[in-house]
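Reader: I am new to this structure. Can you take me through the terms used for it, one at a time?

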Amino acid sequence: MRQSTLNIDDLRKRRSLVITRQEAAEALGVDPRTITVGIEDGTIPSVKLGRRVVIPREKFLALFADTATDSRES
């Protein structure tokens, strides 16, 4: 199994406005198809730019804001 080199903290440090499905999957340690399902069912925000679908970075990170706060307090 391949080790992930990207995590949520790495995404927070980036300046890019959007992330790809692959980047989101790598940060969460899931298969990119899982991200696609989340986009399709509306649980992961996305924007369609032409034929490309991207994820707004800040909205994606907001999904995990409470989790990050809780884990730091423990």
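Predicted model: local features only at pLDDT ≥ 70, side-chain atom pairs only at ≥ 80, totals over all residues.

Reader: Which residues of α3 are buried?

Author: Ile 35, Thr 36, Gly 38 and Ile 39 are buried. Buried means under 20% relative accessible area.

Reader: Why are the buried residues of α3 said to line one face of the helix?

Author: Look down the axis of α3. The buried residues fall within an arc of 160°, so they line one face. Their cover includes α2 and β3.

Reader: What does Ile 35 touch, leaving out residues up to four places away in sequence?

Author: Ile 35 touches Arg 21, Ala 24, Ala 25, Leu 28, Val 30, Ile 44 and Ile 55. Contact means heavy atoms within 4.5 Å.

Reader: What happens at the start of α3 and just after it?

Author: At the start, a side-chain oxygen of Asp 31 reaches to within 2.8 Å of the backbone nitrogen of Arg 33. The cut-off for a polar contact is 3.5 Å. Just after α3, Gly 42 takes a positive phi of about 85°.

Reader: Which residues of α2 are buried, and what covers them?

Author: The buried residues are Ala 24, Ala 25, Glu 26 and Ala 27. Their cover includes α1, β1, α3, β3 and α4. Just after α2, Gly 29 takes a positive phi of about 70°.

Reader: How many residues are in the largest nonpolar core, and which have the most contacts inside it?

Author: The largest nonpolar core has 13 residues. Leu 11, Ile 35, Ile 55 and Phe 60 have the most contacts inside it. The elements that give two or more residues to this core are α1 (8-13), α2 (21-28), α3 (32-40) and α4. The largest share, three residues, comes from α2. In soluble globular proteins, nonpolar side chains tend to be buried together.

Reader: Why is the pair of Phe 60 and Phe 64 called edge-to-face?

Author: The structure holds one aromatic pair. The ring centres of Phe 60 and Phe 64 are 5.3 Å apart, and the planes stand at 65°, so the pair is edge-to-face. Two cut-offs matter here: centres within 6.5 Å make a pair, and planes over 60 degrees apart make it edge-to-face.

Reader: Are Phe 60 and Phe 64 buried, partly exposed or exposed?

Author: Phe 60 has a relative accessible area of 1%, so it is buried. Phe 64 has 23%, so it is partly exposed. The limit for buried is under 20%, and partly exposed runs from there up to the limit for exposed, over 50%.

Reader: How do you know that Arg 57 is buried?

Author: Arg 57 has a relative accessibility of 8%, so it counts as buried. The limit is under 20%. Arg 57 is found in helix α4 (residues 57-62).

Reader: What does the side chain of Arg 57 reach?

Author: It reaches the backbone oxygen of Arg 12 at 3.5 Å. Leaving aside neighbours within four places in sequence, the contacts of Arg 57 include Leu 11, Arg 14, Leu 17, Val 18 and Ile 19.

Reader: Why are β1 and β2 called edge strands?

Author: The open sheet has three strands in the order β1-β3-β2, with antiparallel pairing. β1 (18-19) and β2 (47-49) each have a single partner strand, so one side of each is left without a neighbour in the sheet.

Reader: What makes β1 and β3 a pair?

Author: Two strands pair if at least two bridges are found between them. β1 and β3 (residues 52-56) have two bridges, in the antiparallel sense. Val 18 stands opposite Pro 56, and Ile 19 stands opposite Ile 55.

Reader: How many bridges join β2 to β3?

Author: Three bridges join them, and the strands run antiparallel. Lys 48 stands opposite Val 53. The hairpin of β2 and β3 has two residues between the strands, and Gly 50 there takes a positive phi near 65°.

Reader: How many helices and strands does the protein chain have?

Author: There are five helices and three strands. Along the sequence, the pattern is α-β-α-α-β-β-α-α. Of the 74 residues, 27% count as buried.

Conventions:
Residues numbered from 1 in each chain as written. Heavy atoms only, no water. Helix = DSSP H or I, 4+ residues; strand = E, 2+ residues; numbered from the N terminus. Buried < 20%, exposed > 50% of the residue type's maximum accessible area, 1.4 Å probe, protein only. Polar contact = N/O pair within 3.5 Å; in protein donor to acceptor, adjacent residues only side chain to side chain. Core = buried A, V, L, I, M, F, W, Y, C linked by side-chain atoms within 4.5 Å. Arc of directions from axis to C-beta. Phe/Tyr/Trp six-rings, centres within 6.5 Å; stacked < 30°, edge-to-face > 60°.
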